[in-house]
Each structure stands twice: as structure tokens, then as C-alpha cells.
Amino acid sequence: MLQSLHVKNLALIDEIEVEFGEGLNILTGETGAGKSIILGSVNLALGGKYTKDMIREGADYGFVELTFSVESEAQRNALKELDIFPEDGLVILGRRLMEKRSLSRINGETVTMSVLKEAASILIDIHGQHEHQSLLYKKNHLALVDAFAGEALREIKERTRDACRELRTLKKRLEESDMDEAQRAKEMDFLKFEVEEIEGAALREGEDEELELLFRRMENGKRITQSAAAAYAFTSEGDASASESLSRAIRMLSDITGCDEKGAELYGQLSEIDSLLNDFNRELSDYLESFEFSEEEFYDTESRLNEINRLKTKYGNTIGQILAYKEGQQNKLIKLEDYENYMADLKKELEKAEKRYLEAAGELTAVRKAQSRLLEKEVTVGLKELNFADVRFEIAADTLETYTPEGMDDVEFRISLNPGLPVRPLANVASGGELSRIMLAIKAVMADRDAVETLIFDEIDVGISGRTAQKVSEKMALLGRKHQVICITHLAQIAAMADVHFLIEKKVGNTDTTTSICCLNEKETVNELARILGGARITDAVTENAREMRELAKFTKEKIK
């Protein structure tokens, strides 16, 4: 159940918070007061599209948050599949809307838009002002039948999709394999070239990694030997080396060791330096001898790596992928060498796959027909409750000539609204108001089968009045017994059935205009009904009529219980 709606900085809304109740929640207000903004806010929280002009003038962001209480085990299990777990029985869907992007959260955790929409579909169902127009399009009728059938179709639909996928794969393979003698010869030459090129390289799994390590070690060894040899030349080789220069300096100082104490001390220090340098030169010489660098081995390693990398650019990112590619090409070559038998086997596989698809699609059709008959009966009952006295509602199904993942059924809703007239497609018969009631009847039937607890209807009363409006109000009240229903309406008959009534108003100030919403008590509800009934001038008679309408609605709801 939708417990609350919090909206901030959207269109005319500065900030509002609404606490919804159980049963039938009615929203009314003057035209232009902002009723559509309220419903639009809910849509935005559930992942609907938005533009930057929806954000309130002067605000940096808009914010919408919906809080749901989840008691249904079916809903809990469905949410669990999305790794969503109610906290204290609550699931909070929030969306922060900024100029160029939005941020969606569920229970405080950032989620993708697809996850937000999936969670929303489990928790709430919204019927917009023009959604009944979708009944005019035959392509939507199959989806409604399947939604009604639900679990009864799940397994067989999966089998049909799998069979269709396999069939299409085999058809594509057959088309790709179909070639004349010249094409086949050309393809075989190409395959042989690729296989021989890979085999000629004599690749070994892991060889590239070993060569990379060896190459880096050789590359480093070359750099080390060059640098160490240069250092050795500077310190110990030639007349200009550090060692030779140091020896000369020692010989010069040796002449003054007996003449001056300080000179003798400096001579001793220089002799120690000479000893350290000799030790360093010996270690550097040993270090150089430990590196055995071969230009020939380095060249061979580099060439082998280049060859492997060249094959990688053509056949795969790793040696494993290259060898797998070679195996695949060998298999293709074998098939082309035995082309006639290969094509015969492929056609047999295709025939078997087609048979499996037709069997699965046939089962799917049978289940759909059975479920369609049930849906026909339940919708017909619902339509009669909505003042379609002599209605005939049928679900026709033709067979498609093409194979689709959804089977071969071409479903269409047909109806007759007057006795003696044949059933015809909805698009050819029903008016806007009639379509709205038909959709309400279908939604009511679906709601009884669906785990969704909250239903929202935006102006379901379009194009109806009088007794028909009364019938629609009774249907809404009946829905409110089993579900939480939130309904925007202009009709007093529907508003009178409210379990909870909200008034939406537009307030114009000196500098801005805002939309507000408040929950009405019983007296305020009667006054709002009087406004809807009376228009510009509300007389005592109109108010009394509103009070009587409210009492009659309460009596009707008691009978529905």
C-alpha cells in the first residue's frame, strides 16, 4: 500500500506531503489546481521521463519520494528477486531530479532506472487519462491476455521462446551455409589458409606470457650491462678513470706524509677511499659477469613475440582464443569438405526444431484460448456492472503466418454494445467514454489476479455521466474493498464513495503560485461535493443534495461489503 507521497520543488508544488489511507482515496479540485501534477509526481518517482522545466522556477532540483508498506508475501518474494528487502515493512522509492540527470534510490541505496521501474511495477499500477486508448491497438490485446493468464503461461512461454530462438539460429546457419561450388571452393581456400597459418606458428598455451617475461628481463639486462659497463669504464679503466686519478693523487700526497701531520691524515683518508674504490670495482666487475646478454637470443625472442601479437590482431586476444578460432575454422572446413551430408543434417535439425516450436506454440495457443474464455466471462460481468446492459465481449484469435517468440496467436478484443449487432473490433465500435469503462472492467479483473496492492486512476470518468457514472463509482468502491485505489475525478458520484478525500487547491500569492493538498473531514467532503455539483453558486439545496449523495454512497458501500 502507498502510505505517503513527498514532493518538493516540482512545477507549482513548493513542498507537500500526503498520507494516503486504505480503500478508495479520492482527489478532487478545480480545473488547473494541479491534480495532474500530483499524479505526474508519482510517475516521476516511478521512473517516468522528465524535462528541466518540470523543476520549480528558481530551484536547483526537484524531489519525489513514495513510501510503501509491504504486507503481501507475493510482493515480498518479487522484491527479493531484485535484492530489495523491506525495512520495518516499508519500501521507500525516491528520485532526485536535476537539470541534466536524476538520481534514484530505494531504501536509501542508489539503483538504476530499470531496477526502479521493476520495483514500481510490483508495488503500484497507474491508469493514466489516455491509457484506455491502448485498447484501440490490437498489438496490446495479446499482452493483456497473457497478463491475465499469468503463471499458467509462464513455463510454456519460456519453452516457446527457446524453441523460436533455436529455430532462428538454425535458419540463419542454413542461409549462411547455402553456397554454390565456386563459393564453397573460395571459402575452403580461405579456411585452409587461416588454419595453416595458425598451425604453422606452433603456438603453445602460456607461451606469450613466458616470452613477455623473458623479453622484459632481456631488455632490462641489456640496459643494465650497458650502464654498468659505462660506470666501470669511468671508475677503473683508462688514464682518465677515477681509479687512475686517485692513484696519482695518493702518489702526490705520499711526498708530504713525513713533513706535516695534517698532510699525513689526508693521505690516510685518500688511501682508504682508494681501497673502497678497488672493492667497488671488483663487485661491479662480478655484477657485469653475472649478466649474459645475447643479441641473437634477444632478437629471436622479440621476433617470436611479434609473430604471436600479429596472430592475436587477426584471430583472438590470447593464444587460447587463437587456438579456439583455429578449431572452429577446422570444423567449418570439415563441414564444407562433406558439404552435401552437412546440409542434409542441418535441414533435418531445422525440421526437428520447427516441429518442437510448433508443438510449444500449439500448447501456448491452447492455454491462451482457455484463459481467454475465462477473461471473456469476467470482463463481461464487469461490463454489465458498468451499465453495459446487452454487451457481448469476445476475444478472437487468428493464427499468424510467421513464427514469433510469443507464439503464433493474433489476438483481438471484439465487442457488441447493442442487441442484434455482431461483435466488431473495439476500435470500430467504442467511444472514448465506453473505452474508459471497458478498460476499468479489464483493470478490475486483472487486479483480482495481480499481487499489486495500489491502483491509481487518473480521471477514469472521462465521457460518462448519470447512471453510468453511478455504476462506475460502485465499481471503484468495490475495487477499494480489495485494493488501495487512488483516483482523480471530476464526478460527484465517484467522489462521494471516498474512504479518504483529498482537496487539491492552487493558491496565488503576491510573487508566486503554489499547489497544496489537504485531507478533508466529513463536513469538508460534503462541501466539496456541493462545489462539484453546484458550480459557481452553491445553494442550501445543493449542499443538502451533496449530503444526501454522501449518505447514499455510504449505504451502497455497506452493501458492497
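View 1. Helices here are DSSP runs of H or I with at least four residues, strands are runs of E with at least two, and both are numbered from the N terminus. The model is a predicted one, so local features need pLDDT of at least 70 and side-chain atom pairs count only at pLDDT 80 or more, while totals for chains, interfaces and linings use all residues. Residues are numbered from 1 along each chain as its sequence is written, and side-chain values use heavy atoms, with hydrogens and water left out. Ten residues line the pocket, and Glu176, Ser177, Lys332, Leu336 and Tyr342 lie nearest its centre. On a 1 Å grid over the protein atoms alone, a pocket is an open set of points with protein on both sides within 12 Å along at least five of seven lines; a cavity is a set where a 1.4 Å probe fits but cannot get out; lining residues have an atom within 4 Å of a point. The pocket's volume is about 250 Å³.

**View 2. Six strands form an open sheet.** Their order is E2-E1-E4-E5-E6-E7, with antiparallel pairing. Strand E2 (13–19) and strand E7 (109–111) are at the edges with a single partner strand each, so one side of each has no neighbour in the sheet. Strands count as paired if DSSP finds at least two bridges between them. Strand E1 (residues 2–10) and E2 are joined by six bridges, and His6 has Glu17 in E2 as its bridge partner. Helix H1 (residues 35–45) packs on the sheet, touching E1, E2, strand E4 (62–69) and strand E5 (90–97). Contact here means heavy atoms within 4.5 Å.

**View 3. The largest cavity holds about 70 Å³ of space.** Which residues line the largest cavity? They are Leu2, Leu5, Phe20, Leu27, Ile38, Leu39, Val42, Ile456, Ile486 and Ile488. E1, H1 and strand E13 (484–488) each give two or more residues to this lining, and H1 gives the most, with three.

**View 4. The second largest cavity has a volume of about 40 Å³.** Its lining is made up of Thr365, Arg368, Lys369, Ser372, Ala397, Asp409 and Val411. Helix H12 (339–385) and strand E10 (407–416) give two or more residues each; H12 gives the most, with four.

Note on methods:
Points joined across faces, edges and corners; volume = space filled by probe spheres on them. Axes fitted to C-alpha atoms, helices over the stretch in contact; angles between N-to-C directions.
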